[in-house]
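Here is a colleague's note for someone opening this entry for the first time. The points are numbered so that each can be checked against the view.

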Amino acid sequence: MITRISSEKLPELLQQISEQEKLYIPVDKSDKLSVYEEYAPGKVMSLKLNTLRSAKDFFFPQVQPMAKFRMEGKKIEVMDQRTETEDYCIFGVRACDVRSFDVLDRVFLADPVDTYYEDRRKHATVVSFACSEPSETCFCHSFGIDAAKPDGDARMWIANGNVYLEGITEKGEKLLQSLDLAALGAAADDAAVQEVEAEQQRVHEIQKRMPLYSLKPTDNRDKELEIFNAPIWKELSDKCLGCGSCTFVCPTCQCFDIEDFDSGHGVERYRCWDSCMYKDFTMMAAGTPRKTQLERFRQRFMHKLVYYPIRNDGIYSCVGCGRCLRRCPIHMNIVKVMKAMEEDA
Amino acid sequence: MQDELIKRACDLLADGTVNRVLGWSAGDFFYDITPTVFESAEDVKKNFVYNDFCGANLSKYLIAESQKEGKIAVFLKPCDTYSFNQLMTEHRLVRDHIYAIGIECDGKVSAETLHDAGIHGILNVQKDGDELVCQTVYGEKRIAFDKAEDERCRNCKSRKHVVYDELLGPEGEVLDSHRFDEVEKLEAMTPEERFSFWQGELSRCIRCNACRNVCPACTCELCVFDNPKSGVFSKAASNDFEDANFHIIRAFHVAGRCTDCGECSRVCPEHIPLHLLNRKFIKDIDTLYGDYQAGETEGQMSPLSAFTEQNDAEPSIVQKGGIH
Amino acid sequence: MQMTSDNENWEPKIIAFCCNWCSYSGADLAGTNRLSYPANVKIIRVPCSCRINPMFILRAFQRGADGVILCGCHPGDCHYMTGNYHTRRRMTLLFSMLDFLGIEKERTRVEWVSAAEGQRFVDVMNDFVGQITELGPSRRLEDLRCRTN
């Protein structure tokens, strides 16, 4: 069932949700910046194509305190840093970021379950937001994602001066039912369904004209070693600066490190994002297993396009959000790698 | 201009002056520019690109490339030549292995700026007088060139090539820039305002290290922030102190050596105006120790390595009202 | 002594980096002359004032210092000839940068104290401690994890 309300009522809709549970929406901080923030009356939802950082922060924040240790004499006190998580709603997540949650789930919720991640994940209701104006850097359709019909617990379209809402999962339905949509002048008729279908059609037509429309990942699951040893990596990685922008803006990159901070009167243990692009990544007593940038660069893309699909029924660990296309200082991005792989094959 | 560069690169490869050419190539879009080493004339003809989006400073790549066998030709924009000189001063380049060609630059554009201005679905961009005409999936959109330009180019300090083996185009002039205006604006604020400004900016830092890795002045084999024994090693800033610490130290380590090429701000994925920190140091150095432009000539003495016995300001000048 | 709490008993914590040859001896002289300076001042001896890396200062603030003072030989008297000339330039720029970032400029200071200036050492420390006490606890470069309470 698709419910239609006037887009003028969007602030009231947000207000209603925020009365139910904590609500996070993308907000424009400036022309350049849109970030997720907790909703407060007066905050306007960003209609930008995507937030600067991905929505993975909600479940897998850059820094996650884990435990505190305090020493008194010979006694060590260990304090769990976990706090009770309340239910919350993430509103306005784009289709690519929604798919990234599936990618992350397969890592963090597989045995052994990452309880920090699980805790945040299960308390969240994700309301996705269909794209109306995709950009040339978007290639989510390459991974079978429909930008005009995102997944999540519920989805939303904004078109023709209206907001259209549809519940997907039980959680999403429950959220929509808990709202007083009638007070917002909601209507759920066949016309709403048709309007949404027309909107989807319109966006699909736009996508066909994008330069990356024909981009398709090659299934290389049976060629793991061949690609690993392919000569393409030298040229591709040659100019990589070895910074971590691509990994940190990526919605599916999930590598982390666990570090201890000595505060002078105890130790604080925290988990933080790490990047396979760094030379000290997985550093061990004997050194690092990937000594050159070529190996590090290869690792990132092999993981996304070969290793991950091998272990996860052919699902790629890239969602085509285009963030790395935009942020890489030297534009050596996953699209160039995919094309080189294809040519090599 | 691109054709001229391609021709010159091919000639140099053909007559054996060099065995490699360092330039730029593009991918699916005309704006996704990657610095590239070309080894053959065919490769140059096929892939070499020079357009308004070639902002990357190639001097940084010479650190590694000039160590290799044979001579490499490199195309340097005016601001890249300053970095080149600075690297020469610091003995980071093998000069005999480099053939530097100075090329003209009218300011560079980042696709990010176009996206931020709401121009999406870009298929092509053409310069038309003072405007950029963007052909997009959503129709033609125009934007003033100086609006689309990188900040560093809007406030370009110099179009002069300070070092080259050969010039394509004019040598260029040092410009009167307004690059310190933004610094002065901050200086005029109260400390509380400045603090909240910087907290807002720096707290967004994700410690991706792009600013450091792209910086032609950052050439340490092992950065202090990557050294577990340094006491400041951390992969993520877990609080405001670590954000500030990283950026103060980063700027301090390049103070007196930073040529203000602006790469740090260009690459910052969070759009933090990092150049303001570097410029504050440059401005202070200019005010206190006389005008100094890092990279202007080879072999300069950095103001932080030099001193005068009698005339240097005491640190208390800061407490007495600051350096303006 | 409560280090960095907000309570009424708050006392400032001051880190004084003293060069081995002049200022540390100056502090020593103050001691042998039984001149007293506030106990809030914790002295860290360094071989020369130019040994002090900006990170030492930031780290002191991180770990709860409310003020950081550097003491070295008077310009021209450096044991290593030129060390304090470098200190002078570096610290001027660093302090200006801290001010630019909105960190109270009164919290950092450089003073030249010779081995013969026991009284001056005491006066400088008294003055600095007074100034920091007036300012209150340092918050802008503090690392909350390092708080002791």
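1. A place to begin is Asp222(A), which is exposed because 8 other C-beta atoms lie within 10 Å, and a residue counts as exposed if that number is 12 or fewer. Asp222(A) lies in the loop between helix 5 and helix 6 of chain A. From Ser34(A), Asp222(A) is 188 residues apart in sequence and 40 Å apart in space, taken C-alpha to C-alpha. Please keep in mind throughout that this is a predicted model.

2. Chain A is divided into domain 1, residues 2-208, and domain 2, residues 221-344, and the centres of these two domains of chain A, taken over C-alpha atoms, are separated by 26 Å. Where they meet, the contact takes 32 residues from domain 1 of chain A and 25 residues from domain 2 of chain A. On the side of domain 1 that touches domain 2, the elements giving two or more residues are strand 4 (63-72) and helix 2 of chain A, and the largest share, 9 residues, comes from strand 4 of chain A. By class, that side of domain 1 of chain A divides into 17 nonpolar, 8 polar and 7 charged residues.

3. In what order do the 7 strands of the open sheet in chain A lie? The order is 1-9-8-7-6-2-3, and the pairing is mixed. Strand 1 (2-6) and strand 3 (34-38) of chain A are the edge strands, each of them pairing on one side only. Direction ignored, neighbouring strands of this sheet are turned by 25° against each other on average. Within the sheet, strand 2 (residues 22-28) and strand 6 (residues 88-93) of chain A run parallel and are joined by 3 bridges, and Lys22(A) stands opposite Tyr88(A) in strand 6 of chain A.

4. Helix 2 (residues 95-108) of chain A lies across strand 6 and strand 7 (124-129) of chain A, and runs at about 145° to strand 7 of chain A. Helix 5 (residues 190-208) of chain A lies across strand 1, strand 8 (154-159) and strand 9 (162-167) of chain A, and its direction is at about 85° to strand 1 of chain A.

5. Turning to helix 11 (residues 334-344) of chain A, the buried residues are Ile334(A), Val335(A), Lys336(A), Val337(A), Met338(A) and Met341(A). A reader may wish to note that a charged residue, Lys336(A), is in this list. What covers the buried residues of helix 11 of chain A includes helix 6 (224-228), helix 7 (232-237), helix 9 (293-311) and helix 10 (323-327) of chain A.

6. Between chain A and chain B, 40 residues of chain A are in contact with 36 residues of chain B. On the side of chain A that touches chain B, helix 8 (245-249), strand 10 (256-262), strand 11 (267-273), helix 10 and helix 11 of chain A each supply at least two residues. The residues on that side of chain A divide into 20 nonpolar, 6 polar and 14 charged.

7. Chain B is divided into domain 1 (1-108 + 158-177), domain 2 (109-148) and domain 3 (178-324), and 32 Å separate the centres of domain 2 and domain 3 of chain B, taken over C-alpha atoms. A hairpin of 6 residues joins strand 1 to strand 2 of chain B; strand 1 (residues 20-26) and strand 2 of chain B run antiparallel with 6 bridges between them, and Ala26(B) stands opposite Ile33(B) in strand 2 of chain B. Strand 2 (residues 33-38) of chain B is largely enclosed by the rest of the structure, because 5 of its 6 residues are buried.

8. Which residues have the most contacts inside the largest nonpolar core? They are Ala9(B) and Val74(B), in a core of 226 residues. Leaving aside residues up to four places away in sequence, Val74(B) touches Leu22(B), Leu58(B), Leu62(B), Ile98(B), Ala100(B) and Ile101(B). In soluble globular proteins, nonpolar side chains tend to be buried together.

9. Finally, 34 residues of chain C are in contact with 34 residues of chain B. Helix 2 (54-62) and helix 3 (83-100) of chain C each supply at least two residues of the side of chain C that touches chain B, and helix 3 of chain C gives the largest share, 14 residues. That side of chain C has 16 nonpolar, 7 polar and 11 charged residues.

Conventions:
Residues numbered from 1 in each chain as written. Chains lettered and ligands numbered in written order. Predicted model: local features only at pLDDT ≥ 70, side-chain atom pairs only at ≥ 80, totals over all residues. Buried ≥ 20, exposed ≤ 12 C-beta atoms within 10 Å, placed from the backbone. Helix = DSSP H or I, 4+ residues; strand = E, 2+ residues; numbered from the N terminus. Contact = placed C-beta atoms within 7 Å. Pairing = 2+ DSSP bridges. Axes fitted to C-alpha atoms, helices over the stretch in contact; angles between N-to-C directions. Domains from an automatic or database assignment. Core = buried A, V, L, I, M, F, W, Y, C linked by C-beta atoms within 7 Å.
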